[in-house]
Amino acid sequence: MLNKKNPLKGEVTIPGDKSISHRAVMFGALAEGTTEVTNFLQGADCLSTIDCFRKLGIEIDNTKERILIHGKGLHGLKAPSCVLDAGNSGTTTRLISGILAAQDFETTLTGDASIQKRPMRRIMEPLSMMGADITSVNGNDCAPLHIKGAPLHGIHYHSKVASAQVKSAILLAGLYADGETRVTEPTISRNHSEIMLRYFGADIHTEDKTAIIQPNPLLHGQKITVPGDISSAAYFIAAGLLVPGSEILIKNVGINPTRDGILKVALSMGGNITLLNENYDGEPTADLLVKSSELHGITIEGNIIPTLIDELPIINIMAAAAKGTTVIKDAAELKVKESNRIDVMVENLTAMGADITGTDDGMIIEGGKPLHGAFIKTYMDHRIAMSFTVASLLADGETTLEDKELANISFPTFYHDLEMLQK
């Protein structure tokens with residue numbers, strides 16, 4: 001059990017990056033030969049990706065030590081004998097749609113109740129422009145999706161949102177197109193697809209905010225070591241900064257500049273974080289030494305938002321504990337994540353005694369108000385569950401979490417690791 005009186009001390013190794021784990025399976029399936037993946041995230045979302053590709057005819061060996069994906073090349077997928085179920089994974093749903101759009105068979109793709117509410121028009125529109133036959137079964141621009149494979153042609157798509165999922169779906173479809181495919185974003189989203197596709201042998205490069213891919217590459221199986229997920233590290237960063245007397249060394253965390261907004265924000269708020277053992281070969285990584293700190297409010301807006309969109313719930317907790325006002329703007333994407341995270345954060349932090357006001361594209365938090373225990377509604381959102389676990393360490397009285405096991409989606413050892421740091 002967690003003890004609010006105990007500081008957090010020691011080392012923690014974060015599970016593999018969720019975004020990179022998904023892509024390793026997908027790209028490995030489309031490559032010739034075997035791809036070996038170590039430090040793969042054994043969370044529910046990534047297991048959904050494995051399940052989908054197995055149903056598409058790809059042999060995948062999953063052991064504790066490594067994942068082996070026996071790829072069959074760009075044109076090696078087979079028609080599934082049943083509906084593909086992406087579970088709770090938006091990454092699986094959107095990225096695999098780009099691949100399925102070019103196959104010579106039909107597929108129906110669904111997910112859980114949360115996925116069936118998340119917007120898919122953002123991928124359906126560009127894929128349709130490329131020639132894809134993709135429809136929403138219920139006519140509401142959400143999953144289930146029916147995808148009838150078709151010949152695709154290259155386009156230059158100007159995305160309305162900075163979304164790595166949208167960009168990646170188009171780039172993956174571009175592997176099968178009849179010419180060059182370009183995706184231009186309003187601001188640059190995470191670039192794991194571009195880095196890994198290039199590693200597998202794709203002809204892909206970027207020019208400013210535009211990713212450009214050439215069709216029909218010969219992809220080759222690779223060895224991949226997945227770095228620790230900075231989105232998962234964020235909860236330990238916050239806990240280390242907020243719980244008095246804490247000092248945590250977080251090992252081997254991915255610090256890709258399209259993902260490291262949480263570090264920039266924490267440092268700007270006055271956090272004591274030191275990067276050690278930095279490595280910039282491929283996906284950049286570092287160990288993070290985090291010490292408890294007095295935080296102060298800041299304004300978070302603009303180009304940094306896509307680099308920390310998944311970390312904004314835990315940043316809300318940091319802001320509630322900080323001195324002064326924190327303003328978050330340009331974050332309307334929070335409304336269409338696993339839950340409407342603006343509404344959910346306002347509801348739950350208010351229940352704990354925080355001063356938080358929701359806006360159309362973010363929130364305003366007057367920090368420094370004492371927090372007290374409350375019943376926290378997680379709305380089937382793993383990041384809400386983990387964020388309010390950290391908040392409970394700062395609150396007087398008991399905090400009860402609805403569906404705390406949601407952490408298994410992205411961080412199966414979350415509660416165990418947190419408890420170990422208090423012993």
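Predicted model: local features only at pLDDT ≥ 70, side-chain atom pairs only at ≥ 80, totals over all residues.
Close-up 1. Helix α8 itself spans residues 261-268, and its buried residues include G261, I262, L263, V265 and A266. After α8 comes G270, which has a positive phi, near 100°.

**Close-up 2. Packing of helix α1 with helix α2.** Helix α1 covers residues 18-30 and helix α2 covers residues 44-55; the two pack with their axes 9 Å apart, at an angle of about 10°. Because of this angle, α1 is described as roughly parallel to α2. On the α1 side, the residues of the contact are K18, S21, H22, V25, M26 and A29. Their counterparts in α2 are D45, C46, T49, I50 and F53. By type, the contact of α1 with α2 comprises 6 nonpolar, 3 polar and 2 charged residues.

**Close-up 3. The cysteines C52 and C82.** A disulfide requires two cysteine sulfur atoms within 2.5 Å. The closest cysteine sulfur to that of C52 belongs to C82 and lies 9.0 Å away, so the distance is too far for a bond. Likewise, C82 is in no disulfide, and its nearest cysteine sulfur is that of C52. The count for the model comes to 0 disulfides. Is each of these cysteines buried or exposed, or partly exposed? C52 counts as buried because its relative accessibility is 0%. C82 has a relative accessible area of 37% and is therefore partly exposed.

Technical notes
Residues numbered from 1 in each chain as written. Heavy atoms only, no water. Buried < 20%, exposed > 50% of the residue type's maximum accessible area, 1.4 Å probe, protein only. Axes fitted to C-alpha atoms, helices over the stretch in contact; angles between N-to-C directions. Helix = DSSP H or I, 4+ residues; strand = E, 2+ residues; numbered from the N terminus. Parallel < 35°, antiparallel > 145°, perpendicular 65-115°, else oblique. Contact = heavy atoms within 4.5 Å. Nonpolar A, V, L, I, M, F, W, Y, C, P; charged D, E, K, R; others polar.
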